[in-house]
Amino acid sequence: MIIICKPNISEGALQHIVDRIVEMGLVPNVSRGVHRTVVGVIGEEDQLRSMPLEAIEGVEQVMPVLAPYKRASREFQPVDTIVDVGGVAVGGSHFTVIAGPCVVESEEQTLAVARAVQEAGARILRGGAFKPRTSPYSFQGLGEEGLKILARCSAETGLPIVTEVMDTRQVEVVTRYAQMLQVGARNMQNFNLLSEVGRSGMPVLLKRGSSGTVRELLMSAEYILAAGNARVVLCERGIRTFEDSVRFTLDLSCVPTVLRESHLPIIVDPSHAAGRWDLVPALARGAAAMGAHGVMVEVHCCPEEARCDGPQQLLPRRFAEMMGALRAIARAVGKTM
Ligand code: PEP
Ligand code: MN
């Protein structure tokens, strides 16, 4: 931590800053320049973080040296984390495609999609059983019945399952059927849920909130890591901006930023960002080129009959087409698919 003092700081105020640092068991290092005095603090930065140092008279600015997301940071762990999801690797040099319908509507619908995406090379099956819907009158998912359908589709195709958990009370039941728990964008800062999925020890897919910064996303991941669970995969799915030609603005710059800041895998969901299927392949290709560790894409055999997010779901044949392009890009950026 570096404390920059105001130009005219009094000796008394400077001494007060030094005393507070010593009180916390840390070591202050005062350096007096011609115009400014700067106090470097040596020791556990976390201890100082909770102190409102800016409130002390004579302090102009406090600059942390370390990222507040300690366990999630590259400094903490320089090598990439690779998360094992039911035998499928996510992270490192793997490019992993997760695909499936937005929501589990029936066994027939989910199994048809599962078979098609598996055939095309997807490695993990997605599908919502508990759906976060903007309207309370919209279809909310089949609940546990949906989880049972997912489990049967997994047994049938060999694909592990990722599905959303919206509430701490659902963690136990979802854990019984799925291989990975998804925390949706709306719950990125549901700290109780983050701690609970952390305690579950299960792989977690953590989606970025539509108004969450990259730093906030990493802080949310930190909750899961701090609960003793290092099996976290991050997901960029678009953020809210003034642009209204797409559902959300896909922030692809988040990918290299996360790669620099963190050892955790980062994948991209182009479907929820675009909100329309025709943009999905291009956004997915961009994500692969940016160095993402995979994509998660919504697929439906009859999008016009989908009970949720119909306009953004790809037909299986278009998904297969997209996979061909992704394979070429993954190879070009040194990843295996
Ligand atoms: C989803 O992936 O099913 C979903 C609801 O996405 P998000 O949380 O990103 O809106
Ligand atoms: Mn959806």
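The domain assignment, which is automatic or taken from a database, divides the protein into domain 1 (2-63) and domain 2 (83-332). Taken over C-alpha atoms, the centres of domain 1 and domain 2 are 44 Å apart. The model is predicted: local features need pLDDT of at least 70, side-chain atom pairs count only at pLDDT 80 or more, and totals for chains, interfaces and linings use all residues. Residues are numbered from 1 along each chain as its sequence is written, chains are lettered from A and ligands numbered from 1 in the order in which they are written, and side-chain values use heavy atoms, with hydrogens and water left out.

Start with the manganese ion (ligand 2). Its protein donors are Cys 102 (SG), His 272 (NE2), Glu 298 (OE) and Asp 309 (OD), at 2.0 to 2.4 Å. Donors here are N, O and S atoms within 2.8 Å of the metal (3.2 Å for Na, K and Ca); water is not among the atoms, so sites may look incomplete. Along the sequence the donor residues follow the spacing C-x169-H-x25-E-x10-D. His 272 belongs to helix α9 (residues 270-274) and Glu 298 to strand β14 (residues 294-298), so the pair ties together parts that are 26 residues apart in sequence. Helices (H or I, at least four residues) and strands (E, at least two) are DSSP runs, numbered from the N terminus. Both His 272 and Glu 298 are buried, where buried means under 20% relative accessible area, exposed over 50%, and partly exposed in between (1.4 Å probe, protein chains only).

His 272 is also one of the residues around ligand 1, among them Arg 126, Glu 164 and Met 296; a residue counts if one of its heavy atoms lies within 4 Å of the molecule. Oxygen atoms of ligand 1 lie 2.9 Å from a side-chain N or O atom of Lys 131, 3.0 Å from one of Arg 186 and 2.8 Å from one of Lys 207. On its own, ligand 1 has 290 Å² of accessible area (Shrake-Rupley method, 1.4 Å probe), and the protein covers 96% of that.

Now turn to strand β7 (residues 96-100), where five of five residues are buried. In a regular strand the side chains alternate between the two faces of the sheet. In β7, Thr 96, Ile 98 and Gly 100 point one way, and Val 97 and Ala 99 the other. Strand β7 pairs with β14 in the parallel sense over five bridges; pairing requires at least two bridges found by DSSP. Thr 96 has Gly 294 as its bridge partner in β14. Strand β7 also runs parallel to strand β8 (residues 124-126), joined by two bridges, and Ala 99 stands opposite Leu 125 there.

How values were computed: Polar contact = N/O pair within 3.5 Å; in protein donor to acceptor, adjacent residues only side chain to side chain.
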